[in-house]
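Dear colleague,

I am passing on the structure that we talked about, and my notes on it follow below. Please read them with the structure open beside you.

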Amino acid sequence: MPPKAKIIIVLLSFSLFMFVLNLIRKRQLKIEHSVLWLVVSATILVASIWHDLADGVAHFLGVEYPPALFLSIAIFFSLAILMHFSIELSKLKDQNKNLTQELAIYKNIIEKIERKTRNLDEHNSAHERERAPLE
Amino acid sequence: MHKPEDSVRTVVLVPAFNEAGSIKRVVTNITRTNPDVDVVVINDGSSDDTAQLAKEAGATVLSLPVNLGYGAALQTGYKYALMNDYDYTVQIDGDGQHDPRFIGQLITTLQDGMDVAIGSRFLDGNLGNYDNPTFRKLGMLFFRSLIYLFIKQKITDPTSGFQAMSRPVFGFFAKSNQYPSDFPDADIIILLHYAGFQVQEVPVVMYNSETGKSMHSGFKPLYYIVKMLLSIYAVMFGNEKLTKVGNAS
């Protein structure tokens with residue numbers, strides 16, 4: 001690979017790795033969501049610096065064209081992250097549904113209490129008006 | 001065990017999404033034909049004045065701040081019924097296709113010891129003027145046979161939204177993560193069977209939806225069939241414990 005291209009790729013993968021670390025540091029990425037991303041960005045970084053690694057692994061597995069192996073692994077990890085999102089999304093949807101349902105029920109309870117207190121207030125003030133002329 | 005009739009409390013649940021055109025009539029029809037029941041309209045994030053009209057008609061209104069879907073709206077009603085100690089729930093669609101005069105018959109079926117009563121438009125031949133589009137007829141036939149395969153009981157109208165349930169059943173659904181957000185259907189009937197509940201159909205009359213939209217409108221039938229098969233798969237092999245919840249007093 002030409003050195004210019006290599007430098008660019010190493011820099012890009014390094015910044016991806018730092019970006020993930022920074023997100024964790026600033027708590028913008030939950031720790032439990034960050035593990036997969038760390039693994040992925042670290043793998044990319046190592047592979048971009050240590051070129052012979054991919055070739056060696058491909059050779060060991062008997063893959064003739066190393067980039068194919070690399071792309072397959074990349075696609076696998078992307079799918080893993082997407083699946084992780086789907087699972088989280090389903091969970092969030094379920095929690096959101098339960099919250100919304102309870103909200104509707106409690107809104108109704110609050111309305112009932114408000115009506116009761118209003119009636120009570122009206123009752124009390126009517127009572128005071130009745131007593132007023134006697135004083 | 002039978003409670004004395006006058007202490008039995010029934011709540012009618014009406015899930016409604018943008019039903020301003022019919023909700024008032026639906027609520028007044030229910031209270032006129034069944035003076036002893038409480039009516040709860042679950043306003044499923046409507047953008048029209050469904051909630052206001054339902055209140056004016058005398059119903060209790062539970063307003064979901066966002067649209068969750070028919071099943072999730074219904075489940076809100078089950079939660080409400082459980083919190084407020086009702087004995088029976090009856091569910092009626094907000095579009096006026098179910099005739100509330102049959103509520104009494106559904107309740108009687110529960111009092112005779114059934115756990116769930118399903119209003120069917122196909123028992124005793126085709127009553128009423130419910131005209132049924134062909135693709136739905138095919139789908140219904142398919143799920144009818146599927147249900148028979150699993151529970152060995154003939155359910156003629158598995159898509160019926162006109163149902164009544166006793167407390168153990170709606171209590172079970174109120175807490176279940178398996179209750180679908182969109183349309184409870186054949187999967188729920190099979191779930192009921194495996195949870196040990198007794199289901200019986202009752203002949204009712206249904207009309208075409210007053211506002212012209214069916215609850216399955218816009219649904220791609222093929223997607224629906226796949227979804228339902230997956231639901232049944234989840235019911236059969238899921239890890240939610242399918243044991244009958246103890247009869248709450």
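A word on naming comes before the findings: helices (H or I, at least four residues) and strands (E, at least two) are DSSP runs, numbered from the N terminus. Residues are numbered from 1 along each chain as its sequence is written, while chains are lettered from A and ligands numbered from 1 in the order in which they are written. Please bear in mind that this is a predicted model, in which local features need pLDDT of at least 70 and side-chain atom pairs count only at pLDDT 80 or more, whereas totals for chains, interfaces and linings use all residues.

On confidence, the model scores ipTM 0.82 and pTM 0.82. The pLDDT falls below 50 over residues 244-249 of chain B, a stretch that has eleven contacts in the model beyond near neighbours in sequence; here two residues are in contact if their C-beta atoms, placed from the backbone, lie within 7 Å.

Where the two chains meet, nine residues come from chain A and 15 residues from chain B. The side of chain A that touches chain B has three nonpolar, three polar and three charged residues, where Ala, Val, Leu, Ile, Met, Phe, Trp, Tyr, Cys and Pro count as nonpolar, Asp, Glu, Lys and Arg as charged, and the others, Gly among them, as polar.

Chain B contains eight helices and seven strands, and buried residues make up 45% of its 249 residues. A residue is buried if 20 or more other C-beta atoms lie within 10 Å of its own, exposed if 12 or fewer, and partly exposed in between, with the C-beta atoms placed from the backbone. Among the contacts in chain B with a separation of 6 or more, 79% are between residues 24 or more positions apart.

The strands can be followed through their pairing (two strands pair if DSSP finds at least two bridges between them). E1(B) pairs with E2(B) in the parallel sense over six bridges, and B:Val14 has B:Val41 in E2(B) as its bridge partner. E1(B) also pairs with E4(B) in the parallel sense, over four bridges, with B:Leu13 opposite B:Gln91 in E4(B). E4(B) in turn pairs with E6(B) in the antiparallel sense over four bridges, and B:Gln163 in E6(B) is the bridge partner of B:Gln91. In a regular strand the side chains alternate between the two faces of the sheet. In E4(B), B:Tyr88 and B:Val90 point one way and B:Thr89 and B:Gln91 the other way, and all are buried.

Strand E2 (residues 38-44) of chain B is mostly covered, with six of its seven residues buried. B:Ile42 lies in this strand and counts as buried because it has 31 C-beta neighbours inside 10 Å. Leaving aside neighbours within four places in sequence, the contacts of B:Ile42 include B:Leu13, B:Val14, B:Leu62 and B:Ala73.

In helix H4 (residues 103-111) of chain B the buried residues are B:Ile103, B:Leu106, B:Ile107, B:Thr109 and B:Leu110. These residues lie on the same side of H4(B) because they cover an arc of only 155° around the axis, the arc being that of the directions from the helix axis to the C-beta atoms. They pack against E1, strand E4 (88-91), strand E5 (116-120), E6 and strand E7 (199-203) of chain B. Just after H4(B), B:Gly113 has a positive phi of about 110°.

Two further residues deserve a look for their backbone angles. Most residues other than glycine have a negative phi. B:Asn18, however, has a positive phi near 50°; this residue sits in the loop between strand E1 (10-16) and helix H1 (23-33) of chain B and, with 19 C-beta neighbours inside 10 Å, counts as partly exposed. B:Lys152 has a positive phi of about 55° and lies in the loop between helix H5 (134-151) and strand E6 (163-166) of chain B, where it is exposed, with 8 other C-beta atoms within 10 Å.

With best wishes

Technical notes
pLDDT = per-residue confidence, 0-100.
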